[in-house]
2 protein chains.
Amino acid sequence: MYVTIPSENPSAFAFLPLCGTKPPQSVQTHLKPGAYLFYEGDEVEWLYQVTSGVVRLTRLLSDGRRQVIAFGYPGDIIGFPATGNHHTDCEALTDTHLQPYKRSILEDRESDPNLHSALLHAALNEISAMQDHFMMLGRKSANEKLASFLCVLAERVGTDAGGYRSVKLPMSRSDIADFLGLTTETVSRTFTQLRNSKIITIENIHTVIIQRPTALLGLSQGEHD
Amino acid sequence: MYVTIPSENPSAFAFLPLCGTKPPQSVQTHLKPGAYLFYEGDEVEWLYQVTSGVVRLTRLLSDGRRQVIAFGYPGDIIGFPATGNHHTDCEALTDTHLQPYKRSILEDRESDPNLHSALLHAALNEISAMQDHFMMLGRKSANEKLASFLCVLAERVGTDAGGYRSVKLPMSRSDIADFLGLTTETVSRTFTQLRNSKIITIENIHTVIIQRPTALLGLSQGEHD
DNA sequence: GCCATTGATTGACCCTGATCAATCCACCCC
DNA sequence: GGGGTGGATTGATCAGGGTCAATCAATGGC
């Protein structure tokens, strides 16, 4: 999941045609919170589609700075191989179920044409979403970043809570910070600001309710207050 | 071209197997400086590989903020379609020659298997390079950003100039700024800093010579001074 | 139940990079 | 050659967000 420009609203995350064949023993299809699916440098053997749960893809700099590349929500494909190796670490944030696809399906067109085509389109959508995310990282303020993030989550995985939209945040504040290019302190302060201006309520640390979605959307697009 | 982590050094930008067939009249294969290849929203009919010259891909926010998504250097593929429409504007910065590929080659596996496979790999490499670029936009200082940018350019398109590496910068300072998530003033000041610390010399506004490549690489990775 | 641990929040302060404004410079056209 | 134009540089100032540090709150172990 990337923070894309709301107006575009691709939203059409479709589940790929799942292959009916049972995956071999060697593949992970279920992760407990905190479990790692792969590490940076590992050989890519499988792509995965998240079917339930949330994972986090991170990249580290030698001095410890971290960037959360993406969160993997149901429907998302993770593990696209450029060279033969993973470029990120992947950790489960919640109980997560995965549908594995052999990497060769992407490279070898014959084995399963439909799946090949579906994975290809997922890769192309990924490129497009990442382009939008550049704008967010490079050009948006802390306010706009967090508002955009909440808008995208509300749209994609929000649930109804008494007429309002409720958003679960399985990740920590520092995960959010490293995703948006901020610090935990700034993320925390920005949450507080949104709460004080009655745009959201913070039910608990992992759940926010969006009280004024239009105001939030406005903020995400650069309107002040 | 994205600003990737230098140590990885993919660098292996290979030209695709060019199709021998003459492209139809309707396609652009040559652009003069300032000419646009496509605009955001245009229908994607062709992918292009830059064979010579440099193009710039940009995305605009309604309030005028701009993000340069990428520069297209020889070898780069531009115009990957997610939906059927372009998500960026594309302008030539120099005299540019392009090799067009029908979009259908990506989607239709039959027409040209080799080319299909080559384009697919280009797309996967693109994803990987963009992930590195996230780190740069989200987590690097102005110094590190510009140093990284110059390192990547030196590696990729630098030429020899009396034992030193000379780098042509066909883009304006504000293009660089919008690419790195900075302002033109900051880019300009950072160039001046690099010049004052004798890491580069600025031959003219569009050409820099790298005097101390190791120092520049160090800066790009977060070493101070 | 009590304390230790870890993450979140808040506060005080500072610094990097943005903003606003004033030259400067290269290039071009008469 | 003179002057006009637009991008680049430099300067002065400001502010958004980072840093450092002090609570606060939730969780877990004993």
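## The surface near DNA strand D

By class, the surface near DNA strand D comprises five nonpolar, nine polar and four charged residues. The model described here is a predicted one. Around DNA strand D there are 18 residues, and the closest are A:Ser141, A:Thr186, B:Arg173, B:Ser188 and B:Thr192. Two or more residues of this surface come from each of α3 (142-157) and α5 (184-196) in chain A, and from each of α4 (173-180) and α5 (184-196) in chain B. The element that gives the most is α5(B), with six residues.

## The surface near DNA strand C

DNA strand C is likewise surrounded by 18 residues, of which A:Ser172, A:Ser188, A:Thr192, B:Ser141 and B:Thr186 are the closest. Here α4 (173-180) and α5 of chain A, together with α3 (142-157) and α5 of chain B, each supply at least two residues. The most comes from α5(A), which gives six residues. In terms of class, the surface near DNA strand C has five nonpolar, nine polar and four charged residues.

## How the two chains meet

The contact between the protein chains involves 30 residues of chain A and 30 residues of chain B. On the side of chain A that touches chain B, β5 (66-72) and α2 (113-139) of chain A each provide at least two residues. The largest share, 15 residues, belongs to α2(A). This side of chain A consists of 15 nonpolar, nine polar and six charged residues.

In general, two copies of a chain are related by a rotation about an axis and a shift along it.

## The nonpolar core

Nonpolar side chains tend to be buried together in soluble globular proteins. The largest nonpolar core of this model has 122 residues, and those with the most contacts inside it are A:Leu119, A:Leu150, B:Leu119 and B:Leu150. Leaving aside residues up to four places away in sequence, A:Leu150 touches A:Val167, A:Val208, A:Ile210 and A:Leu216.

## Helix α4 of chain A

Why is α4(A) described as largely enclosed by the rest of the structure? The reason is that six of its eight residues are buried. These buried residues are A:Asp175, A:Ile176, A:Ala177, A:Asp178, A:Phe179 and A:Leu180. Their cover includes β4 (55-60), β5, α3 and α5 of chain A. Just after α4(A), A:Gly181 adopts a positive phi of about 70°.

In chain B, strand β9 (residues 159-161) is joined to β10(B) by three bridges, and the two run antiparallel. Within this pairing, B:Ala161 stands opposite B:Tyr164 of β10(B). The two strands form a hairpin with two residues between them, and B:Gly162 in the turn has a positive phi of about 60°.

Strand β10(B) is also joined to β12 (residues 207-210) of chain B, through four bridges in an antiparallel arrangement. There, B:Val167 has B:Val208 as its bridge partner. Which residues of β10 (residues 164-168) of chain B lie on its covered face, and which on its uncovered one? The covered face holds B:Arg165 and B:Val167, whereas the uncovered face holds B:Tyr164, B:Ser166 and B:Lys168.

Technical notes: Residues are numbered from 1 along each chain as its sequence is written. Chains are lettered from A and ligands numbered from 1 in the order in which they are written. This is a predicted model: local features need pLDDT of at least 70, side-chain atom pairs count only at pLDDT 80 or more; totals for chains, interfaces and linings use all residues. A residue is near a molecule or strand if its C-beta atom, placed from the backbone, lies within 6 Å of it. Ala, Val, Leu, Ile, Met, Phe, Trp, Tyr, Cys and Pro count as nonpolar, Asp, Glu, Lys and Arg as charged, and the others, Gly among them, as polar. Two residues are in contact if their C-beta atoms, placed from the backbone, lie within 7 Å. A nonpolar core is a set of buried Ala, Val, Leu, Ile, Met, Phe, Trp, Tyr and Cys residues joined through C-beta atoms within 7 Å. A residue is buried if 20 or more other C-beta atoms lie within 10 Å of its own, exposed if 12 or fewer, and partly exposed in between; C-beta atoms are placed from the backbone. Two strands pair if DSSP finds at least two bridges between them.
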